[in-house]
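Subject: Structure handover

Hi,

Here is the structure I promised to pass on. Please open it alongside this note. My findings follow below.

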Amino acid sequence: MHEQAIRNLKGKKVLRCVFFATFDSSWQYDKVYEQLAKHPRFDPIILACPIVNNGRENMIRRMRDCVDCFTSKGYHVVKAYDEVSDRYVDVRKELCPDLIFYSSPYEGLVDKKYYITNYLDILGIYVPYFINSGPSPKFSNDALLHNLVWRKYAEYDYEKETAIKEQRVHGRNMVVTGYPEIEDLINPDYEFSLKDWKIKDTSFKRIIWAPHHTIERTLYAQSCFIPMCDFMVELARKYRDKVQFVFKPHPVLYNNLVKLWGKEKTDDYYAIWRNSPNTACQEGQYAELFHSSDAMIHDCGSFVFEYLFMNKPVLRTVYSVPLEEMYGKLGLACLRQHYKASAYSMEEVENFIKNVIDGVDPLKEQRAKFVKEVIMPKGQPSQNIVNDILDSIDNQIVYRS
């Protein structure tokens, strides 16, 4: 099917690209979209697909957040679902895609009519929304979508080497381009404001707390939120004259907390961070937040990798699962550039905060060396992706060995 699709597209003047977008906060295609939008061979459109696995209210809210986010950037975006007419967009008839970019590999997250199995004759592309720093190659390389897409653009050679061993198609559809999500993070001229922070006084240190959503103790559970949630509020209050915090939860954390705590308690907790004088809650995109911060406390997967490009103090909190069981080769290398603290120890977390206030950061030079020598991409990832698409179609390439 891919071979026939490429034959049909060869020589076509303009290629219609449709992006199936889910969460605006984990959207990974900004730089790719921008490259396509300015290229005469491409016509990109974003389809804001509703999340269907957490109720209608959440579905409508998330879709509207996506539309607002992309509209504010001047992107061409349409809603996949009209809540008034209860009607979904017919992608084939109304958007006529030549290529489809998937933003999530998970079946059941969006309506089944927007899953890849309905578009096997259209060239599908996937760029991971997170860096594969974990120990389970199958989780990040061998889902059904990973095998069915025409192209999966990988971050590093390590990812391709792992896929050759673990993936059902043995990495034949994988091309190493680098991770486009980090382009704003590595840009020395990136312009940012303090819009995510309530206090504009630069004498206040600005610290992000970014908890993961996996509060249930499962194989992939990494969230330290439950043992930390109360004392992080206490620390924010204790240092209200020196530090301001941004609560940066994973976009799925809210729904998981509602299941555990109920909606009222969850809303009350989020309100503490939104309404306290030296705290805020930010659930959107994060490049500007990272640049404007002084440090971060987290337990996430991709942030283990991404925040290192800031070369600022970063603390990885540790819960019950040993980090060696949660991270693979790349993740463990990144973690060696982190400070560590037990999620049960307010004192250990507080010591990190005190060091940030005092400007104490003994890992700074080590982090800078690691970023330069190990994780800095070769070339511009988004441009690498566009180049491969055109080269592959114009030169009839189905798979790269």
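Predicted model: local features only at pLDDT ≥ 70, side-chain atom pairs only at ≥ 80, totals over all residues.

**Salt bridges**

A search of the whole structure finds 23 salt bridges. Here are some of them.

Start with Asp30 and Lys73. Their side chains form a salt bridge, with N to O at 2.5 Å. This pair links distant parts of the chain, 43 residues apart. Asp30 sits in helix H2 (residues 30-37). Lys73 lies in the loop between helix H3 (56-72) and strand S3 (77-79). Are the two partners buried or exposed? Asp30 has a relative accessible area of 13%, so it is buried. Lys73 has 31% relative accessibility, so it counts as partly exposed.

Next come Asp142 and Arg168. Their side chains meet in a salt bridge at 3.2 Å, N to O. Again the pair links distant parts of the chain, here 26 residues apart. Asp142 is in the loop between helix H5 (137-141) and helix H6 (144-148). Arg168 is in the loop between helix H7 (157-166) and strand S9 (174-176). Asp142 counts as buried, because its relative accessibility is 11%. Arg168 is exposed, because its relative accessible area is 51%.

Then look at Arg274 and Glu283. They form a salt bridge, and their closest N and O atoms are 2.9 Å apart. Arg274 counts as partly exposed, at 38% relative accessibility.

**A helix pair**

Now turn to helix H9 (residues 253-261) and helix H10 (residues 263-275). Their axes come within 7 Å. They cross at roughly 135°. H9 and H10 are therefore oblique to each other.

Which residues of H9 meet H10? They are Leu253, Tyr254, Leu257, Val258 and Trp261. On the H10 side are Lys263, Lys265, Thr266, Asp267, Tyr269 and Tyr270. The residues of this contact divide into seven nonpolar, one polar and three charged.

**A strand pair**

Last, strands S14 (residues 314-318) and S15 (residues 339-342). They run parallel, and four bridges join them. Arg316 has Lys340 in S15 as its bridge partner.

What lies on each face of S15? Tyr339 and Ala341 make up the covered face. Lys340 and Ser342 make up the uncovered one. In a regular strand, side chains alternate between the two faces of the sheet.

Over to you.

Best wishes

Key
Residues numbered from 1 in each chain as written. Heavy atoms only, no water. Axes fitted to C-alpha atoms, helices over the stretch in contact; angles between N-to-C directions. Helix = DSSP H or I, 4+ residues; strand = E, 2+ residues; numbered from the N terminus. Parallel < 35°, antiparallel > 145°, perpendicular 65-115°, else oblique. Contact = heavy atoms within 4.5 Å. Nonpolar A, V, L, I, M, F, W, Y, C, P; charged D, E, K, R; others polar. Buried < 20%, exposed > 50% of the residue type's maximum accessible area, 1.4 Å probe, protein only. Pairing = 2+ DSSP bridges. Salt bridge = Lys/Arg side-chain N within 4 Å of Asp/Glu carboxyl O.
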